[in-house]
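Here is a short briefing on one protein chain. Look at the sequence and the structure first, then read the points below by topic.

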Amino acid sequence: MQFQSDISDVVVKVPDSEELSGIGPAYAVGIALNIWDKSIFHQITRKKYLPQMKKETRNKKYTGWKNAVRCVLGVSFALCFYGAFSSNGV
């Protein structure tokens, strides 16, 4: 998650609970039946990841990722091996 925060340059909050697929519907039913209100979501503890990557590093990694995607999508062999891995690509 730290990488997600770094590459997107935003704070990422991740709930501590490992099993959210069951908790979400349970919360929705509880809210629908007025067992609790939406403040229940504020009780979930979350781990916070703050962006730490330098802008130049982020841009370099993002450029490399875009070049890799181009290669996967079928751009010419020469461009992938000579363009994507050039000094400005990765």
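Helices (H or I, at least four residues) and strands (E, at least two) are DSSP runs, numbered from the N terminus. Asn67, for instance, is found in helix H3. The model is predicted: local features need pLDDT of at least 70, side-chain atom pairs count only at pLDDT 80 or more, and totals for chains, interfaces and linings use all residues. Residues are numbered from 1 along each chain as its sequence is written, and side-chain values use heavy atoms, with hydrogens and water left out.

**Overall layout**

- Four helices and two strands make up the elements of the chain.
- Read from the N terminus on, these elements follow the order α-β-α-β-α-α.
- Residues are sorted by relative accessible area: buried means under 20%, exposed over 50%, and partly exposed in between (1.4 Å probe, protein chains only).
- The chain has 90 residues, of which 16% count as buried.

**Aromatic pairs**

- Rings of Phe, Tyr and Trp (its six-membered ring) pair if their centres lie within 6.5 Å; planes under 30 degrees apart count as stacked, over 60 as edge-to-face and the rest as tilted.
- By this rule there are three aromatic pairs.
- One of them joins Tyr27 and Trp36, with 6.0 Å from centre to centre and 90° between the planes, an edge-to-face arrangement.
- Tyr27 is buried, because its relative accessibility is 18%.
- Trp36 has a relative accessible area of 32%, so this residue is partly exposed.
- Why does the pair of Tyr62 and Trp65 count as stacked? The ring centres of Tyr62 and Trp65 are 5.7 Å apart and the planes are at 15°, so the pair is stacked.
- Tyr62 and Trp65 are three residues apart in helix H3 (residues 55-72), so about one helical turn separates them.
- Tyr62 is partly exposed, because its relative accessibility is 41%.
- Tyr27, Trp36 and Phe41 together form one aromatic cluster.

**The nonpolar patch**

- Patches are made of residues with over 30% relative accessible area and no salt bridge: like charges are joined within 9 Å, nonpolar side chains (Val, Leu, Ile, Met, Phe, Trp, Tyr) within 5 Å.
- Accessible areas come from the Shrake-Rupley method with a 1.4 Å probe; for residues, only the protein chains shown count as cover.
- Which residues form a nonpolar patch on the surface? Val29, Leu33, Ile35 and Trp36 do, and together they have about 400 Å² of accessible area.
- Trp36 is located in the loop between helix H2 (20-32) and strand S2 (46-49).

**The salt bridge**

- Side chains of opposite charge can pair when their charged atoms come close.
- A salt bridge is a side-chain nitrogen of Lys or Arg within 4 Å of a carboxyl oxygen of Asp or Glu.
- The structure has one salt bridge.
- Asp9 and Arg58 form a salt bridge, and their closest N and O atoms are 3.7 Å apart.
- This pair links distant parts of the chain, 49 residues apart: Asp9 is in the loop between helix H1 (2-8) and strand S1 (12-15), and Arg58 is in helix H3.
- Asp9 is partly exposed, because its relative accessible area is 44%.
- Arg58 has a relative accessible area of 11%, so this residue is buried.

**Other side-chain contacts**

- A polar contact is a pair of N or O atoms within 3.5 Å; within protein, one must be able to donate a hydrogen and the other to accept it, and residues adjacent in sequence count only if both atoms are side-chain atoms.
- The side chains of Asn67 and Arg70 are joined by a polar contact of 2.4 Å.
- Asn67 is buried, because its relative accessible area is 10%.
- A charge sits over a ring if NZ of Lys or CZ of Arg is within 6 Å of the ring centre and within 35 degrees of the ring normal.
- Lys47 lies over the face of Tyr49, at 5.1 Å from the ring centre.
- Lys47 and Val14 are 33 residues apart in sequence, and their C-alpha atoms are 5.2 Å apart in space.
- Val14 is found in strand S1, and its relative accessibility of 25% means that Val14 counts as partly exposed.

**Backbone angles**

- Asp9 has a phi near 60°, a positive value in a residue other than glycine.
- Asn34 also has a phi near 60°, positive in a residue other than glycine.
- Asn34 lies in the loop between H2 and S2, and at 67% relative accessibility Asn34 counts as exposed.
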